[in-house]
Amino acid sequence: DRIASVSDNGGVYLIPAFNGMGAPYWEPHCKAAFVGMTLDTTADHLIRAAVEAVCYGMRDLCNAFVLDYQDKIHCIHVDGGMAQNNWMLQFLSDILNIDVNRPQNIESTVKGAAFLAGLGFGVYDSLEEIIALRGKGEHIYPKIAEDLRSQYYNGWVDAVQKII
């Protein structure tokens with residue numbers, strides 16, 4: 001796994017503003033950039049920065065949610081292709097400092113749509129009934145220390161500020 005082949009991101013952050021920066025920044029004219037590259041930066045650092053960017057963006061969104069709704073997030077559920085990446089899910093849990101749940105069936109968009117249609121047509125009585133059918137998934141728990149979590153995220157915030 002190329003992401004795990006480097007011990008850290010080498011100070012490199014990808015700001016994925018390919019179509020501007022959306023929530024919570026709302027900067028439509030921002031351009032994508034790698035920030036922090038040096039002569040020591042390797043392709044593996046760039047790959048890691050790209051995967052980390054997904055996690056930092058999720059933290060930005062979770063922070064905005066908590067501010068807007070004054071409610072703590074205890075766990076998030078993930079699915080889709082990236083949910084296959086164990087390293088990414090561990091980093092996501094570490095950066096968010098919350099549990100991440102990966103379902104047994106990671107391609108669950110169609111399944112979710114079918115469940116909601118069933119709810120609408122009376123096949124299911126409640127969301128709780130559907131949740132019970134979801135089955136057990138795999139839980140990933142945060143493992144890194146708060147100072148390292150803060151260091152990584154503060155590097156992201158600094159990088160974003162350089163391009164917006």
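Author: Let me begin with burial: a residue is called buried when its relative accessible area is under 20%, exposed when it is over 50%, and partly exposed in between, using a 1.4 Å probe and protein chains only. The model is predicted, so local features need pLDDT of at least 70 and side-chain atom pairs count only at pLDDT 80 or more, while totals for chains, interfaces and linings use all residues. Residues are numbered from 1 along each chain as its sequence is written, and side-chain values use heavy atoms, with hydrogens and water left out.

Reader: How many salt bridges does the structure hold, and what does the one between R2 and D44 tie together?

Author: There are four salt bridges in the structure, and in one of them the side chains of R2 and D44 meet at 2.6 Å, N to O. R2 lies in the segment before strand 1 and D44 in helix 1, so this pair ties together parts that are 42 residues apart in sequence. With a relative accessible area of 47%, R2 is partly exposed, whereas D44, at 16%, is buried.

Reader: Where in the chain do E138 and R102 lie?

Author: The side chains of E138 and R102 also meet in a salt bridge, at 2.6 Å from N to O. The pair links distant parts of the chain, with E138 in strand 5 (residues 138-140) and R102 in strand 4 (residues 99-102), 36 residues apart. E138 is partly exposed at 39% relative accessibility, and R102 is buried at 9%.

Reader: Why does Q90 count as buried, and which residues does Q90 touch?

Author: Q90, in helix 2 (residues 86-96), has a relative accessibility of 19% and therefore counts as buried. Contact means heavy atoms within 4.5 Å, and, not counting residues up to four places away in sequence, Q90 touches I140, Y141, P142 and K143. The side chain of Q90 also reaches the backbone oxygen of Y141 at 2.9 Å.

Reader: What makes a set of residues a nonpolar core, and which elements give two or more residues to the largest one?

Author: Such a core is a set of buried Ala, Val, Leu, Ile, Met, Phe, Trp, Tyr and Cys residues joined through side-chain atoms within 4.5 Å. The largest has 36 residues, and those with the most contacts inside it are I15, Y56, I76, L92 and W156. Strand 1, helix 1, helix 2 and helix 5 each give two or more residues to this core, and helix 2 gives the most, with seven.

Notes
Helices (H or I, at least four residues) and strands (E, at least two) are DSSP runs, numbered from the N terminus. A polar contact is a pair of N or O atoms within 3.5 Å; within protein, one must be able to donate a hydrogen and the other to accept it, and residues adjacent in sequence count only if both atoms are side-chain atoms.
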